[in-house]
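The briefing below is meant to be read beside the sequence and the coordinates, with the conventions stated where they are needed.

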Amino acid sequence: MKRKVPDTELPRPLTEAEKENLRKDMQESSKWAREELRKRKEAKLSSSEQLDQDGLRPLTPEEIEDLRQEMKAASAKMKEVLERRGWTKRS
């Protein structure tokens with residue numbers, strides 16, 4: 001496979017009209033990007049506000065204890081089922 005000869009020729013300078021078009025394009029894209037970031041920020045804030053309104057709150061100690069008891073009961077039941085199936089560790 002032959003190597004491609006590097007292009008050593010410098011690019012031509014932009015004309016004033018091309019420079020002006022480029023400036024306009026850059027301004028439009030910057031404006032669009034700022035607007036898009038603003039929209040995303042607003043959407044993020046509104047979604048977090050909705051979460052707050054949905055009543056998400058920390059659990060009370062009583063609720064935590066209830067969950068612990070439920071987990072213990074579920075664990076004991078699962079252990080029972082596994083023992084019946086013979087899938088427990090044999091010491």
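**Salt bridges and helices**

Arg23 is partly exposed, because its relative accessible area is 45%, between the limits of under 20% for buried and over 50% for exposed (1.4 Å probe, protein chains only). This is a predicted model, in which local features need pLDDT of at least 70 and side-chain atom pairs count only at pLDDT 80 or more, whereas totals for chains, interfaces and linings use all residues. Residues are numbered from 1 along each chain as its sequence is written, and side-chain values use heavy atoms, with hydrogens and water left out.

Overall make-up
- The protein has 2 helices and 0 strands, taken as DSSP runs (H or I of at least four residues for helices, E of at least two for strands) and numbered from the N terminus.
- Buried residues account for 0% of the 91 residues.

Salt bridges
- The whole structure holds 8 salt bridges, each a side-chain nitrogen of Lys or Arg within 4 Å of a carboxyl oxygen of Asp or Glu.
- Arg23 pairs with Glu20, their closest N and O atoms being 3.5 Å apart, and both residues lie in helix α1, 3 residues apart.
- In helix α2, Glu80 and Arg84 are 4 residues apart, about one turn of the helix, and their salt bridge has its closest N and O atoms 3.7 Å apart.
- Glu35, Arg38 and Glu42 are joined in a network of salt bridges.

Helix α2
- The 25 residues of helix α2 (residues 61-85) should span 36 Å at 1.5 Å a residue, which agrees with the 36 Å between its end C-alpha atoms; the expected span is 1.5 Å times one less than the number of residues.
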